[in-house]
Amino acid sequence: PDEIRHRFGITTKHVVGMVATFYYRKDYETYLMGAQMVLEQVPDVTFLCIGDGDDAPYKKMVAKKWRANIRFLGKQTGVESIMNLCDIGVLCTYGEGISNALLEFSALGKPILATDAGGNPEIIENGVNGYLLKLEDSVHLAESVISLLNQPDYRQKLGTAAKDIVRTKFSIEKMITEFY
């Protein structure tokens with residue numbers, strides 16, 4: 001974590017990340033609006049936007065005063081090391097299958113916040129390992145991030161449950177057993 005913090009110049013106490021391609025099915029707008037709401041109340045947070053694609057329109061959404069706290073990292077190799085630095089993993093999307101990013105955040109013991117769309121409800125048990133959010137609900141996203149940042153023990157509990165859920169529901173052995 002120290003190496004990653006140094007590489008990206010992250011000095012805040014907390015880090016929240018979203019790993020997703022900049023693509024119309026991913027809702028970076030909600031993530032960025034929610035991030036700025038959080039920063040108004042809890043400025044000691046860095047929000048990471050990690051993914052390939054055209055991030056230029058999204059950079060324009062970030063108020064000048066928050067540009068140091070909202071980082072666009074582009075496509076990264078070794079993304080798991082960056083994810084491991086995060087206190088919370090987020091995925092705002094309009095729907096997709098089972099998200100690798102959510103599985104990876106979970107396997108790293110991170111609580112997750114994601115929109116109630118696509119395969120996300122298969123990974124997230126609301127209030128157990130994270131929270132499902134309504135589509136385009138930046139207010140609920142911001143409230144959930146603030147709540148988790150202010151409750152480190154609860155955040156840890158959700159992260160532990162996330163790891164357990166991935167191990168029991170998405171292990172190779174489980175998938176092979178269910179396939180046959």
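These legends describe close-up views of a predicted model. Local features need pLDDT of at least 70 and side-chain atom pairs count only at pLDDT 80 or more, while totals for chains, interfaces and linings use all residues. Residues are numbered from 1 along each chain as its sequence is written, and side-chain values use heavy atoms, with hydrogens and water left out.

**View 1. Salt bridge between E96 and K26.** A search of the whole structure finds five salt bridges. The term means a side-chain nitrogen of Lys or Arg within 4 Å of a carboxyl oxygen of Asp or Glu. In this pair, the closest N and O atoms are 2.3 Å apart. E96 sits in the loop between β4 (88–91) and α5 (100–107), and K26 in the loop between β1 (14–19) and α2 (28–41), so the contact ties together parts that are 70 residues apart in sequence. Helices (H or I, at least four residues) and strands (E, at least two) are DSSP runs, numbered from the N terminus. E96 counts as partly exposed, at 25% relative accessibility. K26 counts as buried, at 15%. Buried means under 20% relative accessible area, exposed over 50%, and partly exposed in between (1.4 Å probe, protein chains only).

**View 2. Salt bridge between D87 and R155.** The N to O distance is 3.9 Å. The pair links distant parts of the chain, 68 residues apart. D87 belongs to the loop between α4 (79–85) and β4, and R155 to helix α8 (residues 152–169). D87 counts as buried at 17% relative accessibility. R155 also counts as buried, at 12%.

**View 3. Salt bridge between R167 and D164 within helix α8.** The closest N and O atoms are 2.5 Å apart. The two residues are three residues apart, about one turn of the helix. D164 counts as partly exposed, with 34% relative accessibility.

**View 4. Crossing of helices α5 and α8.** The axes come within 7 Å and cross at roughly 115 degrees. Axes are lines fitted to C-alpha atoms, for helices over the stretch in contact, and angles run from 0 to 180 degrees between N-to-C directions. The crossing is left-handed: the near helix is turned anticlockwise from the far one by less than a right angle. L103, S106 and A107 in α5 meet G159, A162, K163 and V166 in α8. Contact means heavy atoms within 4.5 Å. The residues of this contact divide into four nonpolar, two polar and one charged.

**View 5. Helix α7 (residues 138–149).** The helix has 12 residues. From first C-alpha to last it reaches 16 Å, close to the 16 Å expected at 1.5 Å a residue. The expected span is 1.5 Å times one less than the number of residues. Buried residues here are S138, L141, A142, S144, V145, I146, L148 and L149.

View 6. T46 is buried, with a relative accessible area of 1%. Leaving aside neighbours within four places in sequence, T46 is in contact with I10, T12, H14, V15, V16, N69 and R71.

View 7. I70 is buried, with a relative accessible area of 3%. Not counting residues up to four places away in sequence, I70 touches L32, A35, Q36, L39, F47, C49 and V62. The C-alpha atoms of I70 and D55 are separated by 12 Å, and these residues are 15 residues apart along the chain.

Terms used:
Ala, Val, Leu, Ile, Met, Phe, Trp, Tyr, Cys and Pro count as nonpolar, Asp, Glu, Lys and Arg as charged, and the others, Gly among them, as polar.
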